[in-house]
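Here is a short report on how parts of one protein model meet. Look at the structure first, then read on.

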Amino acid sequence: MATTDSTPPASCVLPPARPSVPPPPRWAVRAAHVVAWSTVPSGVWRVALVLGVPVGVMEREEFLAAFPDNSPVIAVAYVLLIGAVGEFASYLTLGLVRPWGEVVPRWIPFLGGRPVEHRLAVLAASLGALAVTVLWWVFFFGGLLTAPSPDPGISAGEAFFVASYAPLLLWGPLLAAVTWSYHRRHRVGTGE
């Protein structure tokens with residue numbers, strides 16, 4: 001009777017798989033989507049301003065005066081760049097509830113297919129949550145508190161401005177909550 005050894009040679013042994021991480025809770029997925037969409041209204045407001053749509057708080061000419069030669073081209077480029085950066089940054093929150101927050105997508109050069117170091121992701125997301133919370137809460141409420149005293153009524157343009165920028169107040173706190181959920185899931189998954 002011949003015996004065969006079923007264990008593969010040492011050179012063929014794969015490293016141990018990373019412990020599985022539990023799926024994100026439904027509330028975290030919803031919160032991440034709210035964060036991803038929170039920057040859209042203010043971006044639309046800025047584009048409307050540059051295109052000359054009356055937005056009530058500021059006139060197009062007043063906005064263009066901040067750019068060299070009152071250039072609408074530079075203003076549009078600035079507004080599109082600010083919008084793209086904000087959208088990209090808020091979109092990264094989805095990585096905390098999606099598979100690409102666990103393993104870097106293969107199409108990314110040099111890093112594709114590697115596991116995401118969850119401690120670095122938590123650190124970056126925590127710092128981002130702190131930064132956008134301070135930025136938008138100070139900007140929003142600081143602007144409201146230092147503005148000249150308004151007349152008794154509120155114009156439609158002012159209401160549109162507040163409605164466009166108010167969702168940004170959710171960005172930091174919700175990012176912090178989703179980051180906390182991501183951290184807890186990885187602590188459970190890795191046994192830390």
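Which side chains meet in a salt bridge with an N to O distance of 3.7 Å? They are those of glutamate 102 and arginine 185. A salt bridge here is a side-chain nitrogen of Lys or Arg within 4 Å of a carboxyl oxygen of Asp or Glu. Side chains of opposite charge can pair when their charged atoms come close. Glutamate 102 sits in the loop between α4 and α5 (118-146), and arginine 185 in helix α7 (residues 168-190), so the pair ties together parts 83 residues apart in sequence. The whole structure has 2 salt bridges.

This is a predicted model: local features need pLDDT of at least 70, side-chain atom pairs count only at pLDDT 80 or more, and totals for chains, interfaces and linings use all residues. Residues are numbered from 1 along each chain as its sequence is written, and side-chain values use heavy atoms, with hydrogens and water left out.

Next come the helix pairs. Helices (H or I, at least four residues) and strands (E, at least two) are DSSP runs, numbered from the N terminus. Axes are lines fitted to C-alpha atoms, for helices over the stretch in contact, and angles run from 0 to 180 degrees between N-to-C directions.

| Pair | Axes come within | Crossing angle |
|---|---|---|
| α2 (residues 40-51) and α6 (residues 156-165) | 7 Å | roughly 140° |
| α2 and α4 | 10 Å | roughly 175° |

The angle makes α2 oblique to α6. Angles under 35 degrees count as roughly parallel, over 145 as roughly antiparallel, 65 to 115 as roughly perpendicular and the rest as oblique. Contact means heavy atoms within 4.5 Å. Pro41, Ser42, Trp45 and Arg46 of α2 meet Phe160, Phe161, Ser164 and Tyr165 of α6.

With α4, helix α2 is roughly antiparallel. Here α2 supplies Val40, Arg46, Val47 and Val50. The α4 side includes Ala75, Val76 and Glu87.

A nonpolar surface patch of about 410 Å² is made by Val47, Leu51, Val53, Val76 and Leu80. Patch residues have over 30% relative accessible area and no salt bridge; like charges are joined within 9 Å, nonpolar side chains (Val, Leu, Ile, Met, Phe, Trp, Tyr) within 5 Å. Accessible areas come from the Shrake-Rupley method with a 1.4 Å probe; for residues, only the protein chains shown count as cover.
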